Amino acid sequence: MKTVKQITPRVQVERNQRMKTTAISVIVDGVKTVLADMKTNDYFWLKYEYNDRYIVVYSRGCMVNQIPLKVEAAYDIKNEKVVKLARKNQVILEYMLIGKKAFDMGTIIEYINNNLLKIASAEETVDFERYLTAENPNITREQVKEYIISCYPVLAMYADYDYIMTVMEYREILDKLGTSYTFHIMPEGLDK
């Protein structure tokens with residue numbers, strides 16, 4: 001079975017699933033480039049995810065065979081080229097498009113406030129920022145805060161504390177929002 005998904009006016013992704021194989025290709029202005037072509041079955045899949053910058057093809061097995069997720073190929077839509085998949089790029093693309101990482105609500109609330117609330121350590125907030133930005137020093141704290149609030153708009157109500165939060169206030173927030181949220185890495189170019 002062949003399916004074609006329009007990504008941009010010029011770019012399409014074709015997924016061609018045959019009897020024992022699956023191929024995923026990118027088509028730019030009618031020119032097809034195969035990103036991955038692998039043997040697949042009921043226990044091993046080849047899929048793709050995309051955002052406005054990248055198309056990422058990945059393989060994954062089920063719990064029976066315990067084959068982990070692996071980024072097989074990536075295509076940079078903006079620069080119209082296949083991405084070289086160094087290990088660091090694989091991890092960044094995996095967490096930018098496929099997987100998410102969970103963070104404690106205290107770390108998130110501490111980060112989106114300009115004042116020290118003392119509900120998370122400085123190390124936790126630094127690690128949070130490193131993950132979200134993929135250690136890109138060109139991304140500002142304000143951009144990170146905007147990204148966090150764009151993912152979870154309800155957090156905007158908790159971004160302007162100008163005093164140290166009490167334990168009861170923090171517990172009320174946890175009751176309303178839960179104890180953690182998950183995030184993808186911010187969608188930035190690997191070239192940055």
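This is a predicted model: local features need pLDDT of at least 70, side-chain atom pairs count only at pLDDT 80 or more; totals for chains, interfaces and linings use all residues.
Let me begin with the chain as a whole. Its secondary structure comprises five helices and ten strands. The chain has 192 residues, of which 44% count as buried. If we take contacts between residues at least 6 apart in sequence, 48% of them join residues at least 24 apart.

I turn now to one pair of helices. Two packed helices are described by the angle between their axes and by the distance between those axes. Here the pair is helix 3, residues 122-133, and helix 4, residues 141-151. Their axes come within 11 Å and cross at roughly 80°. An angle from 65 to 115 degrees counts as roughly perpendicular, and helix 3 and helix 4 are therefore roughly perpendicular to each other. Which residues make the contact? On the side of helix 3 they are Phe-128, Glu-129, Leu-132 and Thr-133, and on the side of helix 4 they are Arg-141, Val-144, Tyr-147 and Ile-148. Sorted by class, this contact has five nonpolar residues, one polar residue and two charged residues.

Next, the cysteines. A disulfide is a covalent bond between the sulfur atoms of two cysteines. How many disulfides does the model contain? The count comes to zero. Is Cys-62 buried or exposed? Its relative accessibility is 15%, and buried means under 20%, so Cys-62 counts as buried. Cys-151, with a relative accessible area of 31%, is partly exposed.

Finally, the aromatic rings. The structure holds nine aromatic pairs. One of them joins Tyr-161 and Tyr-163, whose ring centres lie 5.6 Å apart. The planes of these two rings stand at 75°, and planes over 60 degrees apart count as edge-to-face, so this pair is edge-to-face. As for accessibility, Tyr-161 is buried at 16% relative accessible area, whereas Tyr-163 is partly exposed at 38%.

Ring pairs also link a cluster, made up of Tyr-95, Phe-103, Tyr-111, Phe-128, Tyr-131, Tyr-152, Tyr-181 and Phe-183.

Thank you for your attention.

Conventions:
Residues are numbered from 1 along each chain as its sequence is written. Side-chain values use heavy atoms; hydrogens and water are left out. Axes are lines fitted to C-alpha atoms, for helices over the stretch in contact, and angles run from 0 to 180 degrees between N-to-C directions. Helices (H or I, at least four residues) and strands (E, at least two) are DSSP runs, numbered from the N terminus. Angles under 35 degrees count as roughly parallel, over 145 as roughly antiparallel, 65 to 115 as roughly perpendicular and the rest as oblique. Contact means heavy atoms within 4.5 Å. Ala, Val, Leu, Ile, Met, Phe, Trp, Tyr, Cys and Pro count as nonpolar, Asp, Glu, Lys and Arg as charged, and the others, Gly among them, as polar. A disulfide is a pair of cysteine sulfur atoms within 2.5 Å. Buried means under 20% relative accessible area, exposed over 50%, partly exposed in between (1.4 Å probe, protein chains only). Rings of Phe, Tyr and Trp (its six-membered ring) pair if their centres lie within 6.5 Å; planes under 30 degrees apart count as stacked, over 60 as edge-to-face and the rest as tilted.
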